[in-house]
Amino acid sequence: MNARSRNGALNGGALNGGTWNGRAWNIAGLVTVGVVGLAAMIGLPLVLELSSLLDVTVYLILAILALSLALVWGYGGTLCFGQSAFFGLGAYAYAIAMFNIGESTIPFLLAIVLPAAFAALLGYFMFYGRISDVYLGVITLTVTLILFNAVNSTAGPEYQIGEARLGGFNGIPSIPPLNWPGMPDSALDLNDLFYVSIVLLMAVYFGLRWLLVSRFGRVIVAIRENEQRAGFLGYDARLYKLATFTLGGALAGLAGCLFANWGAFVSPTIFGLGQSAQIIIWVIVGGRGTLIGPVVGCIAIQWLTAFLGSAQLTKASLAQVVGPTVADALSSVMGFADLSNTSLILGAVLLAFVLLVPRGVMPSLLDLARFLVRRRPADALADKAERAT
Amino acid sequence: MMLEVRDLHAAYGRIPVLHGVTFAVAEGQSVGVLGHNGMGKTSLLRALMGFLPTAGGTVMLDQSDITDWPPYRRSRAGIGYVPQGRDIFPNLSVLDNLRMGCAKETGADGPVIESVLEEFPRLKRLLDRLGGALSGGEQQLLAIARCLCGKPALLLLDEPTEGIQPSIVDEIIERLARLKQSRRLTMVLVEQNLDFIAALSDRILLIQKGRITREVAPGNLQDPDLVGEFVGVER
């Protein structure tokens, strides 16, 4: 959201007059998201088969992960290259605790608290050590790669935490599913996991919306805009950044817990470079400074990845679209006889986004919507009248 | 004393800018600081606010030693800072800028903002504009208003009339004079506009090469020789 729509929730009666427009946009946005979310929650299980519903579930889970970075980077201004560290820690914490405890209430909470504590510790040294933005990116990236290597080399039987074998590069298979709190015998089935994921995604979304119109949200945006200014107005920038970073870690851990449930499996690739980069890409494509953008970006890109992976885009099928000569040229230039390289096409898509829609999809779409609404003559007149008073 | 500065030294890296500044300001008093460009006026305010690390000396605010405090703590302790160039948030609305000023409020900030807006009626109709869309003079009013939302006891103003149309300069003088009365604000003003400094200051300090060298009475600003010696290069 840009500043105009952030004006939304005001508290002093007389102060509301001038910002009605911003508030109207805000409410329209919230209602739209709520309606679409509810419709998806009720409608999707009716129209989709279980396997497709499972695909949708993982998009929803990853969208929670996208929201965690939308908060930390998009609003807080901290470019964290290692959001997957907290995601992975959440998944591993859940898996390990689940094998040892067997009832999912504590593992679920651990999967949130442990990554949050790790984020708080890491953030404390980074923010209070006055690490600059660039090095902060390097450090977070390095940390997740260290975790990747550390967990990757725990394949031997001696690496065991209680009942849980870490499994190294093999990962941890057959992780027990979540159960309803306090009822170890009633485990969640795949349908339930869909409902839990979509409810949690909406809860995280609306919770963050609420947080961002609160004083805390305004302060972290102000710190992103200019840390020094926020300082002389009386805000301890480091404390606010640390709190934001910790909350981001907690949300990524929550997503990790659900992810471990979804596949009943977790492996060190969850800490890998690819996973980290992906989260940043969701936010770039969707748009920094919005919440719905990264959710849309995440779902769209995950869907595209899955689609490209299954579509078998070969030279022959490409030839049907662009003609045999171009297809020949393309495949010889790139050295691929077979063009089903998903990363290559995704890379091109990303490049196109960064060059053509640098602010991301949602901010651009919202601006377009505002422009179209403003163009209505009645509004233009009202606008003029408002300025004249 | 509201503010007591003793032998304050500060440097940008290895380049010293303040070489032992000593002065004091009593509660409710306003002190103007005059000096040529590059003599350390802005650096003095930045050091008082904690942005420029002190290399020696002490700064006392209302009897507490704040020499090593970070800026946010000084702000909470009652120092309001309106920096040169105003430093409002250009991407936030005027209202959100004001709300950012309410750092000390724990409850609703509406009443504080409304009371400040009573002093700056010009801002009332601009509340939903982006800060960056305001004119220079309006931005200056906003910066002062935002600062007042933090209920400061001591106001540090760095060249508030720089690049601002004369009509708003008069308005700023009038507002500040009234605030001085109504809120018993203590002020330290750094300025090159003589009318401004003469209208608002009880005492005037002259700064040369990082030291306070003289104190003059506001009436003496009529003396052209004195003015030529101490005021900005453009005169």
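Mentor: Start with B:D7, which is partly exposed, with a relative accessibility of 42%. The cut-offs explain the label, because buried means under 20% and exposed means over 50%. Keep in mind that this is a predicted model. B:D7 sits in strand β1 of chain B, residues 3-12. Its backbone deserves a look. Phi of B:D7 is near 50°, a positive value in a residue other than glycine. Most residues other than glycine have a negative phi.

In chain B, 4 strands form an open sheet, in the order β2-β1-β4-β5. The pairing is antiparallel. At the edges stand β2 (15-25) and β5 (64-65) of chain B. Each has a single partner strand, so one side of each is left without a neighbour in the sheet. Between β1(B) and β4 of chain B (residues 54-61) there are 6 bridges, and these two strands run antiparallel.

A:A264 lies in the loop between α10 and α11 (273-286) of chain A. With 25% relative accessibility, A:A264 counts as partly exposed.

Next, the charged pairs. Side chains of opposite charge can pair when their charged atoms come close. Searching the whole structure gives 15 salt bridges over all chains. Take A:E227 and A:K241, whose closest N and O atoms are 3.0 Å apart. A:E227 lies in helix α9 (residues 227-232) of chain A, and A:K241 lies in helix α10 (residues 237-263) of chain A, so the pair ties together parts that are 14 residues apart in sequence. A:E227 is partly exposed at 36% relative accessible area, whereas A:K241 is buried at 16%.

Another salt bridge crosses between chains. A:R229 and B:D87 meet through their side chains, at 3.3 Å from N to O. A:R229 is in helix α9 of chain A, and B:D87 is in the loop between β6 (79-82) and α3 (94-101) of chain B. A:R229 counts as buried, at 15% relative accessibility. B:D87 is buried as well, with a relative accessible area of 18%.

Chain B has a salt bridge of its own between B:E215 and B:R203. There the closest N and O atoms are 2.8 Å apart. The pair links distant parts of the chain, from B:E215 in strand β10 (residues 211-216) to B:R203 in strand β9 (residues 203-208), 12 residues apart. B:E215 is partly exposed, at 45% relative accessible area. B:R203 counts as buried, at 17% relative accessibility. Elsewhere, salt bridges with shared partners join A:R215, A:R218 and B:D109 into one network.

The largest pocket holds about 850 Å³ of space. It is lined by 37 residues, and the closest to its centre are A:V36, A:I292, A:V295, A:V296 and A:I299. Several helices of chain A give two or more residues to this lining: α2 (20-47), α3 (50-75), α7 (190-213), α12 (292-311) and α16 (361-374). The largest share, 9 residues, comes from α2(A). By type, the lining residues divide into 28 nonpolar, 6 polar and 3 charged.

A:A93 is in helix α4, residues 83-101. A:A93 counts as buried, at 11% relative accessibility. Which residues does A:A93 touch, not counting those up to four places away in sequence? They are A:L110, A:A111 and A:L114. A:L114 is 21 residues from A:A93 along the chain, and their C-alpha atoms are separated by 7.3 Å.

Note on methods: Residues numbered from 1 in each chain as written. Chains lettered and ligands numbered in written order. Predicted model: local features only at pLDDT ≥ 70, side-chain atom pairs only at ≥ 80, totals over all residues. Heavy atoms only, no water. Salt bridge = Lys/Arg side-chain N within 4 Å of Asp/Glu carboxyl O. Buried < 20%, exposed > 50% of the residue type's maximum accessible area, 1.4 Å probe, protein only. 1 Å grid on protein atoms, 1.4 Å probe; cavity = no way out; pocket = protein on both sides within 12 Å on 5 of 7 lines; lining within 4 Å. Points joined across faces, edges and corners; volume = space filled by probe spheres on them. Nonpolar A, V, L, I, M, F, W, Y, C, P; charged D, E, K, R; others polar. Contact = heavy atoms within 4.5 Å. Pairing = 2+ DSSP bridges.
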